[in-house]
Amino acid sequence: MMRQVNRYIIGKKCMRILQLFIIVGLGIFICMPVLILFFGSLADEIEWIDRMKPMIRNGLDYIKWKWIPDYPTLTHYKELFFYAPQFMTLFWNSIKIAACILSGQLLIGIPSAWAFAAYNFKGKSLLFSVYVILMLLPFQVTMLSKYLLLNSLNLLNTHAAVILPAVFSTFPVFIIYRGFRGIPKELYEVARIDGAGEWLIFVRIGLPLAQGSIMSAFILGFLECWNMIEEPLAFLKNMSLWPLSLYLPEIGVTQAGRACAASILTLVVSLFLFAIFRDSLEKGIVSSALKG
Amino acid sequence: MTKSKRLTIISFGIFLGFMAVCTIIAKGIYTSGLPQVRAYEPKRTSLTHEITATGTIRQGTEYGIYVESGLRVASISVRMGDVFEEGVSLFQIDIDDLKDIIEEKELAFMKLNSQQKENLRDASRALKEQQAEVARAKEDYEKNREEADILIQRSKQALEIAKEELRIYEQYLASTQESVSGGDQHLSRQEKLIRLKQNVNACAQDLEDAGRLKDTNLLASDRLVEDAKNAGKSTYSSVIEINALELEYQQKQIEELKELLTAEGWVYAAVPGRLTSSRIAVGERTQDGASLLYALDNGERIVEAVFSWDQVKYLSIGDRFNMKVQLQNGSSIREDVTLNYMEVRTDGEVVGEIILEIEEIAIGQTAQLSCNKQTDVYETCINKAALYSNQYGNYYVYVAEEQDGILGTEWKVRTVFVTILDQNDRVAAIESAGITVESKIVMSSTKELKEGDTVRLLE
């Protein structure tokens, strides 16, 4: 009996170790692009040229890859920090665009979502359906109409051309709406009975309870605008207005190490924001999924 | 808010702050590394070519002092540049050598004279023979003419007789024509008539032949007379004439040499002047041509200046130069002069000459010449400091152009190859399809430039 119990315990431990290996392996596999970027950013230019020789010479062979560089260096980071004002310019362009878009989205999206969630008005369903349809439309479909509209407003080749369409995006409205909808309507009734006004109900009840959804919309909105490529390419002719996502195409093939380092630094901001808002994001996604 | 989240937010803030600091540093390093350039737009202007040259004053017309060639020089009293007066002894010929030469010349003269006398005798004898020959030829001529005349006379007489016989017989036939109406008698008469006519024709032919024969014979005789007259004439006359000339020349040479001997070999200046060239040396024999060259001391002056080929492109005969000459007494002369002559010497130098009428300027002094030549207006003129050339000798300039980049509008330089139409020491007129009047031509840079460099334009 004891032997059977011990065999069971050992088997369970082995199983857990196996599961751990599988999970760690999968984790490494998923993180592999980031790891490749990281280790690639530590290889110097000479090593990169050596790796890319087969491709550069005749294009018939593959790049040789090494995980650990033979001569690790932080030269590319140093160059980006101190010798690449172009990178810095685009970095702050991205920060500016993201900040404006997210502020606008929250400023516009939260009241809109609150209106859809807390009030009943004529045509509400139809209007919400239009919101959902607009959310589903890809950028390529709306690009021409946006272009013509921005051109008529003389906003082309300005940051407003990228910011304004994103500010009025319907996606955050949809996410936040789900958060507001998760709040029991009895709470609003009780508050009204206690004499609370609509603004007070929105600020004291709506916003705190839908914080998760708002943060989810914030994070998802940030990731979308931080990585946007099509909109700046279509609406921004002046390169000095471009966001950081368009920096990599400007790097030559012989500067692969710098490209890796730039990618890592581009990732840093997203990682920070994810670390800060991870709890709220998880809660928001869960609440949106469960209570929607 | 948990402690780890607060730490993350603080880290994010530090990261953004670090990025802000790095932005300032990176921009500072970037801008401090940019070449600072000054650029200007090309101008539409004409070029001024300042042509300067240093000339040497030399004599105008030169004269020669001649002595017989082949004389040995004993001494020379003057040097190059010396000024001499009339009657001054210039150089001396070796007297002993001169005597020997005179003796040789006199001997040669005598030999030739004897030969000439012999020639004259021969010529006289030949003349007599020729005259006799001519007389004989003339006599033959006359004889031939007389014989021909006799022959012609006889032919004429024969012709007259034949004509008379024919006329008589024709009269006879006319008178007897009625009695003889036919038969053999009539036939014989007609035959005789024909025979007489043929006789007349034959006599006429003989007369004509006699005349032709006379002309032919007289022409041949006349030629013989002419040949006799010309025989021996040309041979003797030409030799005698040549010898006579040679004798005259030798006589003159001997007289000149004797004059030189009388002067104890000294050669004197006939007029005052300045020695400009000497072609004799002590101990050497004189050559053909002038032994000394001199210029009149108060004659015309010529400024001789060497010009470069670049300068020659803008020069032409008649150009006015400003000339400055520093005189020996410390004062200077400024004068506007005219370029009179230009020539390319065998060594490739281009020499210009200016004729002066200023007597104060001494031979051998230097003159500073300057002349400004204005060209036509060129559309695109730049400072030569902006002009570069590559290893193949092609000229190019850097043109700064605005380009939009990630850092905004920046100035980048572009290499534009140009053709130089004209240039002086400061400005060049260029031509290129890539340059307009609004192009920013880089004149100076703090660093060496290359195609595509980003630069900082200093206004």
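This is a predicted model: local features need pLDDT of at least 70, side-chain atom pairs count only at pLDDT 80 or more; totals for chains, interfaces and linings use all residues.
**View 1. Chain B in outline.** The secondary structure of chain B amounts to 5 helices and 21 strands. Chain B has 459 residues, and 17% of them count as buried. Among contacts in chain B with a separation of 6 or more, 77% come from residues 24 or more positions apart.

**View 2. The side of chain B that touches chain A.** Here 19 residues of chain B are in contact with 20 residues of chain A. Two elements of chain B give two or more residues each to this side: helix H1 (3-33) and strand E17 (395-405). H1(B) gives the most, with 14 residues. By class, this side of chain B has 11 nonpolar residues, 5 polar and 3 charged.

**View 3. The two faces of strand E11(B).** Strand E11 of chain B covers residues 320-326, and its side chains alternate along the strand. In a regular strand, side chains alternate between the two faces of the sheet. Which residues of E11(B) are buried? Phe321(B), Met323(B) and Val325(B) are buried, and they point to one face.

**View 4. The hairpin of E11(B) and E12(B).** Strand E12 of chain B spans residues 332-338 and runs antiparallel to E11(B), with 7 bridges joining the two. Asn322(B) has Asp336(B) in E12(B) as its bridge partner. The hairpin has 5 residues between the strands. Gly330(B) takes a positive phi near 100° in this hairpin.

**View 5. E11(B) beside E15(B).** E11(B) also pairs with strand E15 of chain B, residues 366-383. The sense is antiparallel, over 4 bridges. Look for Lys324(B): its bridge partner in E15(B) is Gln368(B).

**View 6. An open sheet of four strands in chain B.** The order is E3-E9-E8-E5, and the pairing is antiparallel. E3 and strand E5 (83-84) of chain B stand at the edges with a single partner strand each, so one side of each has no neighbour in the sheet.

View 7. Strand E3 (residues 62-65) and strand E9 (residues 292-295) of chain B pair in the antiparallel sense over 4 bridges. Gly64(B) has Leu293(B) in E9(B) as its bridge partner. Strand E8 of chain B, residues 273-278, is joined to E9(B) by 4 bridges and runs antiparallel to that strand. In this pairing Leu275(B) stands opposite Tyr294(B) in E9(B). How many bridges join E5(B) to E8(B)? There are 2 bridges, and these strands run antiparallel. Val83(B) has Arg274(B) in E8(B) as its bridge partner.

**View 8. An open sheet of three strands in chain B.** Its order is E4-E6-E7, again with antiparallel pairing. The edge strands are E4 (73-76) and E7 (266-268) of chain B, and each pairs on one side only. The twist averages 25° from one strand to the next. Strand E6 of chain B (residues 89-93) is joined to E4(B) by 3 bridges, and the two run antiparallel. In E6(B), Ile93(B) is the bridge partner of Val73(B).

Notes. Residues are numbered from 1 along each chain as its sequence is written. Chains are lettered from A and ligands numbered from 1 in the order in which they are written. Two residues are in contact if their C-beta atoms, placed from the backbone, lie within 7 Å. Ala, Val, Leu, Ile, Met, Phe, Trp, Tyr, Cys and Pro count as nonpolar, Asp, Glu, Lys and Arg as charged, and the others, Gly among them, as polar. A residue is buried if 20 or more other C-beta atoms lie within 10 Å of its own, exposed if 12 or fewer, and partly exposed in between; C-beta atoms are placed from the backbone. Two strands pair if DSSP finds at least two bridges between them. Axes are lines fitted to C-alpha atoms, for helices over the stretch in contact, and angles run from 0 to 180 degrees between N-to-C directions.
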